[in-house]
Amino acid sequence: MAVDWRTLISPNRPWVHLLYLGLFLFNWTWRTPGTLEVVLSLAALAGFAALYVVTLRRLDWTVFVAAAVAIVLGFAFIPVNPGGAVFIVFAAAMFGWLLPSRAQLAGFGLAALAAIAAGLMIGSWLVALVTLGIGAMATTGAVVATRRVQQMREAEGAASRAALHATDAERQRIARDLHDLLGH
């Protein structure tokens with residue numbers, strides 16, 4: 001079974017966005033972390049990535065759980081690593097996966113408040129605005145991608161119904177022809 005790498009690493013695939021988790025480790029380029037920080041950080045990244053993929057496959061109430069975990073991880077790591085704000089950005093994007101609803105709007109509000117609180121936790125309005133801006137872009141991308149997937153599914157369903165209808169019409173035509181032929 002050959003793997004189509006172009007499809008697998010396509011930017012249209014949501015798991016490719018997990019590469020942005022590397023921003024969490026960017027702080028280590030100018031500051032050497034302690035062993036405990038490395039272990040906790042890598043465990044958090046691995047756990048979050050697994051939760052992200054499971055949630056992405058289900059797209060139900062687990063979105064709220066995963067987003068809440070992401071926000072908690074963000075607040076847990078921001079005091080030692082400002083890159084922890086990337087978890088809050090992911091939380092904002094996860095709410096974009098939901099169909100438009102009050103719950104989605106509440107999630108957007110929660111993510112926005114978390115972004116502002118993260119900036120205030122660090123003591124920088126700039127971090128709050130950047131986190132809020134990047135979160136808004138990620139959310140917009142998620143909403144657009146979710147709508148595109150929904151439209152593709154609807155188009156596939158319509159095409160499937162049309163093919164079924166065409167097959168049924170052809171069967172009826174053949175049945176009429178056979179009936180006419182046997183009638184003579």
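What covers the buried residues of helix 4? I will come to that after the overall picture.

This is a predicted model. Along the principal axes, the C-alpha atoms fill a box of roughly 90 × 40 × 25 Å.

Next, burial and surface. Of the 184 residues, 30% count as buried. The chain exposes about 11900 Å², and carbon and sulfur atoms supply 70% of that area. Among contacts between residues at least 6 apart in sequence, 64% join residues at least 24 apart.

Now helix 4. Eleven of its eleven residues are buried, so helix 4 is largely enclosed by the rest of the structure. Those buried residues include Ala85, Val86, Ile88 and Phe95. As for the opening question, the cover includes helix 2, helix 3 (62-77), helix 5 (102-122) and helix 6 (125-183).

Take one of those neighbours, helix 2. The axes of helix 2 (residues 35-58) and helix 4 (residues 85-95) come within 13 Å and cross at roughly 5 degrees. Because angles under 35 degrees count as roughly parallel, helix 2 is roughly parallel to helix 4. On the helix 2 side, the contact is made by Leu45, Phe48 and Tyr52; helix 4 contributes Phe87, Phe90 and Met94. By class, this contact has six nonpolar residues, no polar ones and no charged ones.

Terms used:
Residues numbered from 1 in each chain as written. Predicted model: local features only at pLDDT ≥ 70, side-chain atom pairs only at ≥ 80, totals over all residues. Heavy atoms only, no water. Axes fitted to C-alpha atoms, helices over the stretch in contact; angles between N-to-C directions. Helix = DSSP H or I, 4+ residues; strand = E, 2+ residues; numbered from the N terminus. Parallel < 35°, antiparallel > 145°, perpendicular 65-115°, else oblique. Contact = heavy atoms within 4.5 Å. Nonpolar A, V, L, I, M, F, W, Y, C, P; charged D, E, K, R; others polar. Buried < 20%, exposed > 50% of the residue type's maximum accessible area, 1.4 Å probe, protein only. Areas by Shrake-Rupley, 256 points an atom, 1.4 Å probe, with all protein chains shown as cover.
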